[in-house]
Amino acid sequence: MRYALLVMGAPYSSQAPHSALRFAHALTGQGHSLDSVFFYRDGVHNASFLLTPPQDEANLHDLWQELHETQGTRLDVCIAAALRRGLLDEAEARRHGKPGHNVAAPFELTGLGQLLTVQQRCDRLITFAA
Amino acid sequence: MSQSDTLLIVIRSAPHDGIRLRESLDALLVGAAFGQSVVALFMGQGAFALKTGQSPGAPGQKSTLPMIDMLEMYDIETLYLPEEDATCRGLGADDLVANTRLVDAGEVQGLFRDAGRILTF
């Protein structure tokens, strides 16, 4: 089956992204495909490439990126929720006159409409709320 | 799963619980703006979102009531709320915005059964 995940919890302060990643690996391990992960609310913090946990802890940003590289999963981030929380890619940083950015491919800033499109395209959308 | 193309959006956040409610209502508006048939069901603490007479200007936060009032323009005319969730919070029909419809447990089941897709916030 074709799956998508909605992740609404921040890394480390919420269990949601960690559980979502474990679910993602279980899914693909059983032969299902994981089309997309959509990050909303505090879940947008997963997209920051500046996440720097201690070396003996999992780096959630890097684990999402690895999922994209091995499974081709899209990593969509709600742009309104992201900007509000200080997550910007290079183009948004330039547009808003900010001195730096912390979001880059394979994460993509996109509208909330993308969540509805993904849900239409997939057989199942599983929510990991905070 | 139902064949209907109705999108049921379930909202369980009270106003001023961070921006949870605002970001949930955004999803409602986007769904409606995409031309989908959207059904709004408020549950639990979400009952307070429908309370009339909320004053704006809670510390540093915008009021969400104007967004609730705007839903009708987006063809979201009925705002469903389980009657039990209202009464246990001391809210009667007179306390709630006019387009609230109080429903019993059976009707709530029906909303879930008839929905083609569901998003829960």
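Q: Before we look at any residue, what do buried, exposed and partly exposed mean here?

A: Buried means under 20% relative accessible area, exposed means over 50%, and partly exposed lies in between. Keep in mind that this is a predicted model.

Q: Where in chain A is A:Tyr12 found?

A: Look in the loop between strand S1 (2–7) and H1 of chain A. The backbone there is worth a glance too, for phi of A:Tyr12 is near 75°, a positive value in a residue other than glycine.

Q: Which value of phi does A:Arg41 have?

A: A:Arg41 is not a glycine, yet its phi is positive, at about 50°. You can find A:Arg41 in the loop between strand S2 (33–39) and H2 of chain A.

Q: Is A:Arg41 buried or exposed?

A: Its relative accessible area is 5%, so A:Arg41 is buried.

Q: Let us step back to whole chains. How many helices and strands does chain A have?

A: Chain A has five helices and five strands. Starting at the N terminus, their order is β-α-β-α-β-α-α-β-α-β. The radius of gyration of chain A is 14 Å, close to the 14 Å that the globule rule gives for 130 residues, so chain A is as compact as a globular protein of that length.

Q: What box do the C-alpha atoms of chain A fill?

A: Taken along the principal axes, the box is roughly 45 × 35 × 25 Å. As for burial, 50% of the 130 residues of chain A count as buried. For contacts, begin with those that have a separation of 6 or more: in chain A, residues 24 or more positions apart account for 77% of them.

Q: And what is the pattern of chain B, read along the sequence?

A: Chain B follows β-α-β-α-β-α-β-α-β, with four helices and five strands. Its radius of gyration is 14 Å, close to the 14 Å from the globule rule for 121 residues, so chain B is as compact as a globular protein of that length. The C-alpha trace of chain B spans about 45 × 30 × 20 Å along its principal axes.

Q: How many of the 121 residues of chain B count as buried?

A: The share is 48%. Among contacts in chain B with a separation of 6 or more, residues 24 or more positions apart account for 72%.

Q: Now for helices. What describes two packed helices?

A: They are described by the angle between their axes and the distance between the axes. In chain A, take helix H1 (residues 16–29) and helix H2 (residues 60–71): their axes come within 11 Å and cross at roughly 20°. Angles under 35 degrees count as roughly parallel, and H1(A) and H2(A) are therefore roughly parallel to each other. Their crossing is left-handed.

Q: Which residues make the contact of H1(A) and H2(A)?

A: From H1(A) come A:Pro17, A:His18, A:Ala20, A:Leu21, A:Ala24, A:His25 and A:Thr28, and from H2(A) come A:Leu60, A:Leu63, A:Trp64, A:Leu67 and A:Gln71. Sorted by class, the contact has eight nonpolar, four polar and no charged residues.

Q: Which peptide bond is cis?

A: Go to the bond from A:Ala105 to A:Pro106, which is cis, with omega near 10°. A:Pro106 sits in the loop between helix H4 (90–95) and strand S4 (107–110) of chain A.

Q: Over in chain B, what does B:Asp85 touch, not counting residues up to four places away in sequence?

A: B:Asp85 touches B:Met43, B:Gly44 and B:Ala47. B:Asp85 belongs to helix H3 (residues 83–87) of chain B and is buried, with a relative accessible area of 16%. B:Leu7 lies 78 residues from B:Asp85 along the chain, and their C-alpha atoms are separated by 22 Å.

Q: Is B:Ala98 buried or exposed?

A: B:Ala98 counts as exposed, at 82% relative accessibility. Its place is in the loop between H3 and strand S4 (100–103) of chain B. B:Ala98 and B:Leu79 are 19 residues apart along the chain, with their C-alpha atoms separated by 9.2 Å.

Notes. Residues numbered from 1 in each chain as written. Chains lettered and ligands numbered in written order. Predicted model: local features only at pLDDT ≥ 70, side-chain atom pairs only at ≥ 80, totals over all residues. Heavy atoms only, no water. Axes fitted to C-alpha atoms, helices over the stretch in contact; angles between N-to-C directions. Helix = DSSP H or I, 4+ residues; strand = E, 2+ residues; numbered from the N terminus. Parallel < 35°, antiparallel > 145°, perpendicular 65-115°, else oblique. Left-handed = near helix turned anticlockwise from the far one by under 90°. Contact = heavy atoms within 4.5 Å. Nonpolar A, V, L, I, M, F, W, Y, C, P; charged D, E, K, R; others polar. Rg over C-alpha atoms; globule rule 2.2 N^0.38 Å. Buried < 20%, exposed > 50% of the residue type's maximum accessible area, 1.4 Å probe, protein only.
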